[in-house]
Amino acid sequence: MAGGTDAGAILQVVSGDGSFNTSGVEQFVKATGVETAGVGYSIVAIMGPQSSGKSTLLNHLFGTRFEEMDALSGRHQTTRGIWLARSAKVAAPTTLVMDLEGSDGRERGEDDTSFERQSALFALAAADIVLVNMWAKDVGRESGAGKPLLKTIFQVNLKLFQPAPNRRRTVLLFVFRDRTRTPLEKLIETWEADLQRMWDSIAKPPQYEQHAIQDFFELQYAAMSNYEDRGEEFAAEAVVLRRKFSDDADEGESFLRQSDEKLPGHALALSMAKVWEVVREHKDLNLPAHRVMVANIRCAEIAEEQLEAFRRDPTWQALAEEAGQDLATSFGQRAADLMDSCLEGYDEEARYFEAGVSEAKRQELVEALEGLVRPAFDGQLALLRELALTVFKQQLAMGGAPGEAFVDRAQRFTGEALEQFDSQLGEVVVPDTDWETAPARVQLERDIAAHVHAARLEHVGEALAAAQKAATKDVTAAAISLLESPPTDLWPRLTKVVGKAAAKACGQLGEAVAGYGLAEDELAEVEGQVGEAARQQLLVHAREAANTALSRLKDRFNEVFQRDEHGMPRTWQPSVDITAVTAAGRRAAALLLSQLCFVRSGPTSPDTAAAEAALLRLADDAAAGPGPGSAGGGGGMLRSRSGASGASTFDLLSAAEWPGVAEGEVLLAPGQARSIWRQFMSDSTFSVQQALATQEANRAAQNRLPPLWAIVAMAVLGFDEFVAVLYNPLWLVLLLLLFLFARTVYQEMDVEAEMQRGLLPGAIALSSKFVPALKKVTFQTMDSAKNFLADAPAAGGGGGGAEERSGAARGGSSGSGVGGGELRSRRQREVEMSAGGLGGGSSGGGPEFVSHKDD
């Protein structure tokens, strides 16, 4: 170490013979303050060819005092080993600068390249930023740009240190010295392409095969002017570049990176010593001599050139295009000839290089060629397989010989398709390759089998759908009719309907799938699906009927209640037993409700029989209630307990589900049945009350004579009026006319027929018919009177009127003479006046009548 602890002091970390200065590094770390800096320090290293100006660049960038080559004394090795110094021009962070011995130096000779690889690998492992010093004019070259060295250190770095991708990425700053007129962007583009090829060509551990170079290194670039010809520009560019190494750099331009894997400063000396120990003892760094390296590089270039020529060969491009569109004639042989031509060109140029290297690169070329041809070969196999499959599909769709079963037809066409594939396979196979064709043939067999299976399933599916449709159609036709007016044996008849429809459809299905190779269990399965479809269709209609159970119960009740045994409407005469009719109607409704509560798919079990009995007892309990005409008739539901008769243990009042009935067969839950019955009882009670009112009206109409006491009262109280009317023709005629008029209106309104409809409906109908009937009869009476008067003799009518007027006058005078001064009662005077009117011209008629009355 020179210069103690001043800013310009430098330390030789590794001597020219490979010895590591352990104590010197420890003292240097302490003297420069790195030991107490934690992770707030940075290490910058530089590598590159000998005499390329590495030390000069570092001194201008960081203010160090590395020894520079004196051009006047000749070109020779200036830096030997690895040197370390602290930057005097970068204040923060603390920056250590590492100057490496130049590569490709004549002092170490052609074959002694181990140290330059060791030092470069050491710099990659220890430094945060590695400057790669290279001439701008060497970009695009192989050895001049240091590619062999970079490839080696990249490969060994992955194998030896096994870095974690995307965690601690070393910054590689490529400095293009003595820049020319070529833009920096073009230099970067060329150099990155070379780096990618180098990275792809190196042998990487298995865990790194899929990773790119950017996962381990951050690539940065800079260009510098010629130091000797443009010294001022060089110094100015160094100042600009220096800012990127400090904390003062603008965001996005700084080369400094934070890392969780960075060791603290007090462990730096020990870490660098261990890194150099690992690098020094790794024998894989003792690589072959330069001529072997040249063989590797040149043979790889020749192989790449031949491969690129093969890609661009118009003959190959035409063959590949033809193979991509259709089956190419003699594809295999033509592809093999093109591959052999490419390999012959490689052998011709690579025969002058190391045999082992050239053979290895040749094998890599063969693999690359096969990688280009194999997709086209696979495409030809796929086309050949597709062609055979298409022909098979067409033949199978067209059908076979008359009467030939589907299974036999499919087997015959399968054999023909495989024979066609085998016969054309020779046109596709590429000679001298081990590419297998058996998998393609196996895939063809699978495709054919899959198509046969699909065609079979399609036909069976169509036949099954047709059978299900026929079965459901038959079930619908019969079920709708039976459910519209359910008989007492509803469910046995519906079960027979389902079985008959399923059997008929299964027969059609068996005929349709004959010859398609269905096993017994498969046939039984599809037949079961037909039967299930018929049953489900029945359930659909049964649920529809259950959803309208209330209206159906009311219709059934009205059918029994409103019509007699002959189907005629009931007139509710007094002889009709409304209580018995009501009980019969409600029992019919209860029977219908029991049929709509759940499905009977088999013989009646004790549990279902108990549930049916409980439902039927609803009508019996209703009949035992307060009476058919009372609102309490609905209370029968509340008394519908099976324990009442002792016939069953099923309690309908508290039951939540039907015993012995599967959930899928329930149409109405017990709670729903109770609710429907309550509503039915409420609605039916109104009809019963109307019938009772109508019967009472009919009974009253038939009992026309008043009671005996009423007759006696009318005879006693109305005797005088009766005698007065009887002896007064005018009153008699008037009352007779009124009676006839009222009788005509009564008949016109048809009172008896309207009252048979019920008291309230009959009263409403009569009130609407009264005024029209009254008008009509009045007009008819007036017309009859006019006709009668028109036909009567005019003379007779006049004489009669004079005589009546004369008799009336005489009667008046006679009565006045006889009764003058005698007190009489009001009724006696009325009788006398009536008698005088009836006496006509007799003067003594009035007194005689009075005298008789008094006696």
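Trainee: By how much of a helical turn are Glu 308 and Arg 311 separated in helix H8?
Mentor: They are separated by about one helical turn, because they stand three residues apart in helix H8, which covers residues 290-312; helices here are DSSP runs of H or I with at least four residues, numbered from the N terminus. Please keep in mind that this is a predicted model, where local features need pLDDT of at least 70 and side-chain atom pairs count only at pLDDT 80 or more, while totals for chains, interfaces and linings use all residues. Residues are numbered from 1 along each chain as its sequence is written, and side-chain values use heavy atoms, with hydrogens and water left out.

Trainee: OK, and what do Glu 308 and Arg 311 form?
Mentor: They form a salt bridge, with the closest N and O atoms 2.9 Å apart; the term means a side-chain nitrogen of Lys or Arg within 4 Å of a carboxyl oxygen of Asp or Glu.

Trainee: Which other residue does Glu 308 meet in a salt bridge?
Mentor: Glu 308 also meets Arg 312, again at 2.9 Å from N to O, and these two are four residues apart in helix H8, which is about one helical turn.

Trainee: Is Arg 312 buried or exposed?
Mentor: Arg 312 is exposed, with a relative accessible area of 59%, whereas Glu 308 is partly exposed at 26% and Arg 311 is partly exposed at 33%. Buried means under 20% relative accessible area, exposed means over 50%, and partly exposed is in between (1.4 Å probe, protein chains only).

Trainee: How many salt bridges are there by this rule?
Mentor: The count comes to 20 salt bridges.

Trainee: New one: which residue does Glu 522 meet in a salt bridge?
Mentor: Glu 522 meets Arg 456, at 2.7 Å from N to O. Glu 522 lies in helix H15 (residues 520-547) and Arg 456 in helix H13 (residues 438-484), so the pair ties together parts that are 66 residues apart in sequence. Glu 522 is partly exposed at 31% relative accessible area, but Arg 456 counts as buried at 14%.

Trainee: Changing topic, where is Asp 340 found?
Mentor: Asp 340 is found in helix H10, residues 331-350, and it counts as partly exposed at 35% relative accessibility.
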